[in-house]
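Let's take a walk around a protein together. Have the sequence and the 3D view open, and follow along.

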Amino acid sequence: ILAIAYFKKWKIVSILSFVFTYLLFSSWYTKELFSNSLPHKGALLFAALFYFIFSIQLVLNNIRNKGNFSVIEYVILIANNFVFFGLGMGIIHNWGVDLKGLFTLILAVYNLVYATILFRKFGLEKNAIYLLIGLTLTFATLAIPLQFEGNQITLFWAAEAVLLFWLSQKSKINSFKIGAILVQGLALISLIMDWEIHYNFYNEEKLSIILNPIFITGIVVFCSLIATLFLLKKETEKS
């Protein structure tokens with residue numbers, strides 16, 4: 001059906017194949033899940049295969065015709081990512097393996113590589129590239145709390161914020177800067193939560209006065225803010 005949609009340029013067929021493929025797969029997944037007979041490896045493999053097929057098919061006509069993405073194509077691009085993410089997380093959770101963070105990170109890397117290839121080799125329109133970068137940042141940020149816990153989350157977000165500010169200046173892509181501001185805010189909120197958990201009156205955890213994990217986490221976040229300030233001083237835009 002996807003081959004026909006490509007050669008005949010029938011967008012409605014592409015949309016219908018996307019909707020009914022995931023509808024069929026989701027109904028099968030739900031049935032197997034509730035009967036406790038879900039084949040985890042096979043389910044994840046087929047979900048990944050569908051995701052890959054639709055992510056490639058979505059841009060084929062756009063590259064061939066050098067046109068702009070329609071609203072429905074943007075919707076499919078986002079839906080393809082989050083439907084696969086939801087299915088994958090459900091399969092991994094039921095499987096009982098500790099791979100949620102790795103799965104999310106792989107999804108982020110795929111979107112980043114995908115965006116890079118499409119932009120450099122095929123000159124795909126910038127709005128679609130920005131959307132793929134946004135998906136990359138979303139999944140990369142989600143991967144941290146899914147794989148780690150406590151002050152580790154704060155440490156990673158603090159480092160990611162500085163990296164994103166640096167990337168925004170090197171690439172001249174404003175989306176990185178917006179992402180950096182959001183992640184910086186998450187790092188600060190996460191630090192406050194760490195303080196609340198470890199430094200409250202009722203906590204019986206024994207911590208050294210200075211060289212304890214939470215104090216060091218606070219220093220790292222402080223350094224990330226100083227690094228961000230240093231990078232922002234190089235800005236030339238009046239914003």
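Which residues lie nearest the centre of the second largest pocket? They are Thr-116, Phe-119, Ile-129, Ile-133 and Ile-173, out of 13 residues in the lining. Before we go on, a word on the model: it is predicted, so local features need pLDDT of at least 70 and side-chain atom pairs count only at pLDDT 80 or more, while totals for chains, interfaces and linings use all residues. Residues are numbered from 1 along each chain as its sequence is written, and side-chain values use heavy atoms, with hydrogens and water left out.

What's a pocket here? On a 1 Å grid over the protein atoms alone, a pocket is an open set of points with protein on both sides within 12 Å along at least five of seven lines, and a lining residue has an atom within 4 Å of a point. The volume is the space filled by probe spheres (1.4 Å probe) set on those points, which are joined across faces, edges and corners. For the second largest pocket that gives about 280 Å³. Helices α5 and α6 each supply at least two residues of its lining, and α5 has the largest share, with five. (Helices are DSSP runs of H or I with at least four residues, numbered from the N terminus.)

Now for the largest pocket, at about 420 Å³. Its lining has 20 residues, and Leu-105, Ala-140, Ile-144, Glu-160 and Leu-163 lie nearest the centre. The elements giving two or more residues to this lining are α5 (100–122), α6 (126–147) and α7 (151–171). By class, you'll find 16 nonpolar, three polar and one charged. Nonpolar covers Ala, Val, Leu, Ile, Met, Phe, Trp, Tyr, Cys and Pro; charged covers Asp, Glu, Lys and Arg; the others, Gly among them, are polar.

Next, look for Glu-32, which forms a salt bridge with Lys-31. That term means a side-chain nitrogen of Lys or Arg within 4 Å of a carboxyl oxygen of Asp or Glu; here the closest N and O atoms are 3.7 Å apart. Glu-32 is buried (under 20% relative accessible area) at 13%, whereas Lys-31 is exposed (over 50%) at 56%.

Finally, find Phe-215 in helix α9. At 35% relative accessibility it counts as partly exposed, in between those two cut-offs. Phe-215 belongs to a nonpolar surface patch of about 1000 Å², along with residues including Trp-195 and Tyr-199. Such a patch joins nonpolar side chains within 5 Å, from residues with over 30% relative accessible area and no salt bridge. Helix α9 gives the largest share, four residues.

Methods. Buried means under 20% relative accessible area, exposed over 50%, partly exposed in between (1.4 Å probe, protein chains only). Patches are made of residues with over 30% relative accessible area and no salt bridge: like charges are joined within 9 Å, nonpolar side chains (Val, Leu, Ile, Met, Phe, Trp, Tyr) within 5 Å. Accessible areas come from the Shrake-Rupley method with a 1.4 Å probe; for residues, only the protein chains shown count as cover.
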